[in-house]
Amino acid sequence: MGDWNSKRVFITGVCGTVGREVLSQVLKLNPREIVGIDNNESELFFLDDIYKNNNKVNLYLGDIRDETQLVERTRGIDIILHAAAYKHVILCEHSPRSAVQTNILGTQNIIDAANANSVERVILTSSDKAVNPTNVMGTSKLMGERLLTAANALRHGDRPIFASTRFGNVLGSRGSVIPLFMRQIASGGPVTLTDENMTRFIMSLEEAVSLVTNSVFLAKGGEVFVTKMHVVRIVDLAEVMIEELASRYGYKACEIKIEKVGPRPGEKMYEELINDEEVRRTVEMDRYFVVVPALKSLYCQCEYDYEGIIRRNIESPYNSSNQKPMDKSLIRDYLYANKLIEL
């Protein structure tokens with residue numbers, strides 16, 4: 001895990017689902033200080049109230065599109081955990097300029113601030129939609145990954161070390177289908193579905209944040225870390241949720257219909273975490289895959305050697321269409337185990 005005791009940690013997007021959990025979990029690792037920023041004034045006010053008696057946590061209004069502010073806030077920072085982003089596919093399709101300004105230019109601002117202040121390590125939270133992207137959001141997240149890899153290749157000396165993590169669908173987050181399906185079931189349906197054959201990688205919020213915190217000290221520079229994840233058919237997830245929740249809202253499960261609405265712009269039938277090109281430079285570990293950079297460092301030598309390597313090349317792309325999906329019984333157990341549905 002590494003030694004967090006003396007570290008000052010900077011978290012962007014601290015009011016988001018992932019950012020809040022990162023704050024909570026990193027605090028348990030006993031860092032010297034956590035500085036968090038977010039541009040959501042109301043959510044920041046309430047989050048600040050939760051931590052008002054904790055002198056290790058300092059939260060500020062801020063925007064990653066403001067480079068000057070980032071340079072000021074990251075003075076003396078050791079580790080940057082960059083979770084701020086626009087993540088909703090359809091909203092980014094409708095507002096591509098904003099997606100570019102936040103997910104691409106904002107990430108470059110993080111890199112520039114880290115370089116200006118000689119930050120030790122920077123970890124970006126990315127998405128499976130960055131792999132062979134078909135939409136604005138995924139394309140912007142891919143560019144964010146490439147910016148960190150390039151920054152690492154161009155660094156002089158030992159710092160900053162830049163790396164990325166790729167998430168699947170973080171179940172229970174505000175952007176996931178769980179809250180959407182819950183609202184639809186509560187109102188009597190229908191539960192809307194793109195296609196009954198659609199598959200997705202899923203991970204719990206705890207798994208997502210564990211990937212981030214573990215990657216901090218595993219990173220050699222320029223890599224992308226990927227957790228091995230479960231796969232679900234979205235129709236199975238919808239059916240399990242209907243079976244478990246319908247009666248709680250006064251309905252019979254048979255009364256809640258599933259309505260096929262067709263794909264939205266930029267939406268895939270399956271998601272990818274490692275593509276054909278990346279396979280040949282992917283290292284497999286027990287819990288993770290590590291995609292080492294194609295762009296090698298120009299000024300320092302990075303040895304991509306990790307403890308517990310299983311193999312140094314995987315045989316095929318890692319996507320949700322070639323992995324065995326969970327059956328409905330396992331989905332049900334997963335939802336309860338991760339408190340996505342309460343008993």
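Which side chains meet in a salt bridge at 2.8 Å, N to O?

A: The side chains in question are those of Glu243 and Lys328, which meet in a salt bridge with N to O at 2.8 Å; the term denotes a side-chain nitrogen of Lys or Arg within 4 Å of a carboxyl oxygen of Asp or Glu. Glu243 belongs to helix 9 (residues 234–245) and Lys328 to helix 11 (residues 328–337), so the pair ties together parts that are 85 residues apart in sequence. Helices here are DSSP runs of H or I with at least four residues, and strands are runs of E with at least two, numbered from the N terminus. The model is predicted: local features need pLDDT of at least 70 and side-chain atom pairs count only at pLDDT 80 or more, while totals for chains, interfaces and linings use all residues. Residues are numbered from 1 along each chain as its sequence is written, and side-chain values use heavy atoms, with hydrogens and water left out.

Glu243 is partly exposed, with a relative accessible area of 38%, and Lys328 is also partly exposed, at 26%. On this scale buried means under 20% relative accessible area, exposed over 50%, and partly exposed in between (1.4 Å probe, protein chains only).

Arg332 is partly exposed, with a relative accessible area of 23%. Through shared partners, salt bridges join Glu239, Glu243, Glu244, Lys328 and Arg332 into one network.

Elsewhere, Asp195 forms a salt bridge with Lys260, the closest N and O atoms being 3.3 Å apart. Asp195 is found in the loop between strand 8 (191–193) and strand 9 (199–203), and Lys260 in strand 12 (residues 258–260), so the pair ties together parts that are 65 residues apart in sequence. Asp195 is buried, with a relative accessible area of 15%, whereas Lys260 is exposed, at 58%. By the cut-off given above, the count comes to 23 salt bridges.

As for cysteines, the count of disulfides, defined as pairs of cysteine sulfur atoms within 2.5 Å, comes to 0. Cys254 counts as exposed at 57% relative accessibility, while Cys302 is buried, with a relative accessible area of 13%.
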